[in-house]
Amino acid sequence: MTAPRRSAGAGTKPRASSNAPRSSSAGRGTALRRKREAIVREHMESENRHEFDVTMGTFHHPRYEIIATGDVHDGEGEVARYFQETRAAFPDQRNELIALHHSDDAVIVEFNLKGTHLGSFRGLPPTGRAFTCRMVALFLFEGDRLVGERVYFDSATIQRQLGIAHDPLTLWGRLATAANHPLTIGRAAVRSVIGR
């Protein structure tokens, strides 16, 4: 025996039909997310193809903020120099998308950046070594216009892989730290002995 069906009466709300049309604002939100995602994907793929005119065209205002180094490249000229400098040092630099997320004013991308150090970079001669570094980039939007990319990563990860830094937990890393920072290491050793 089945229970009788209850009709929607006073105090109860009828269940929304699964076939009910979406509100126009939800449709606009979905369309905006799709448009932003397409811009970000074209941006990243064109960087991999080294078609920097296409990459530049994805921006309403070209701007890169590299948080690990504190560098800000604002405007088309500065961003073009950034592309030139990094690709001269790492001619095979490329990104591999891991995940893509949406927020109200950004598309958040997790990716691996890869490259081989084959050219001079800020005075550092080429090491010939490759790196892979997991990163997060915030692609910042005003509506459907890309107005900047803010990139977060651990620069020591790249430096260790290029052979210009050492893991501080290894013997070589501890020796390098002691040699490069004798006062800091000395003070820490004294504090550990006297208990401060």
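Author: What follows goes through the labels one by one.

Author: This is a predicted model, where local features need pLDDT of at least 70, side-chain atom pairs count only at pLDDT 80 or more, and totals for chains, interfaces and linings use all residues. Residues are numbered from 1 along each chain as its sequence is written, and side-chain values use heavy atoms, with hydrogens and water left out.

Reader: How many helices and strands are there in the protein, and what makes a helix or a strand?

Author: There are 6 helices and 6 strands. Helices are DSSP runs of H or I with at least four residues, strands are runs of E with at least two, and both are numbered from the N terminus. Along the sequence the pattern reads α-α-β-β-α-β-β-β-β-α-α-α.

Reader: What makes β5 and β6 a pair?

Author: Two strands pair if DSSP finds at least two bridges between them. β5 and β6 are joined by 7 bridges, so they pair, and they run antiparallel. Leu 140 stands opposite Gly 148 in β6. The hairpin of these strands has 2 residues between them, and Gly 143 there takes a positive phi near 65 degrees.

Reader: Which way do β1 and β6 run, and what makes them a pair?

Author: They run parallel. With 3 bridges between them, they meet the rule of at least two, so they pair. Ile 66 stands opposite Val 151 in β6.

Reader: How many bridges join β3 to β4?

Author: 8 bridges join them, and the strands run antiparallel. Glu 96 has Asn 112 in β4 as its bridge partner. β3 and β4 form a hairpin with 3 residues between them.

Reader: What makes Arg 63 and Asp 74 a salt bridge?

Author: Their closest N and O atoms are 3.3 Å apart, so this pair also falls within 4 Å. Arg 63 lies in strand β1 and Asp 74 in strand β2, so the pair ties together parts 11 residues apart in sequence. Arg 63 is partly exposed at 24%, and Asp 74 is partly exposed at 33%. Arg 63, Glu 65, Asp 74 and Arg 150 are linked in a network of salt bridges.

Reader: How many salt bridges does a search of the whole structure find?

Author: The search finds 13. One of the salt bridges joins Glu 110 and Arg 134 at 3.1 Å, N to O. Glu 110 in strand β4 and Arg 134 in strand β5 are 24 residues apart.

Reader: Why does Glu 149 have no salt bridge?

Author: Glu 149 is buried, and the nearest side chain of opposite charge, Arg 87, is 8.3 Å away. Lys and Arg count as positive and Asp and Glu as negative, while His and the chain ends are not counted.

Reader: What does the side chain of Glu 149 make with the side chain of His 43?

Author: The two side chains make a polar contact at 2.9 Å. A polar contact is a pair of N or O atoms within 3.5 Å; within protein, one must be able to donate a hydrogen and the other to accept it, and residues adjacent in sequence count only if both atoms are side-chain atoms.

Reader: Which residues touch the most other members of the largest nonpolar core?

Author: Val 40, Val 109, Phe 111 and Phe 139 do, in a core of 28 residues. The largest share, 6 residues, comes from β5. A nonpolar core is a set of buried Ala, Val, Leu, Ile, Met, Phe, Trp, Tyr and Cys residues joined through side-chain atoms within 4.5 Å.

How values were computed:
Buried < 20%, exposed > 50% of the residue type's maximum accessible area, 1.4 Å probe, protein only.
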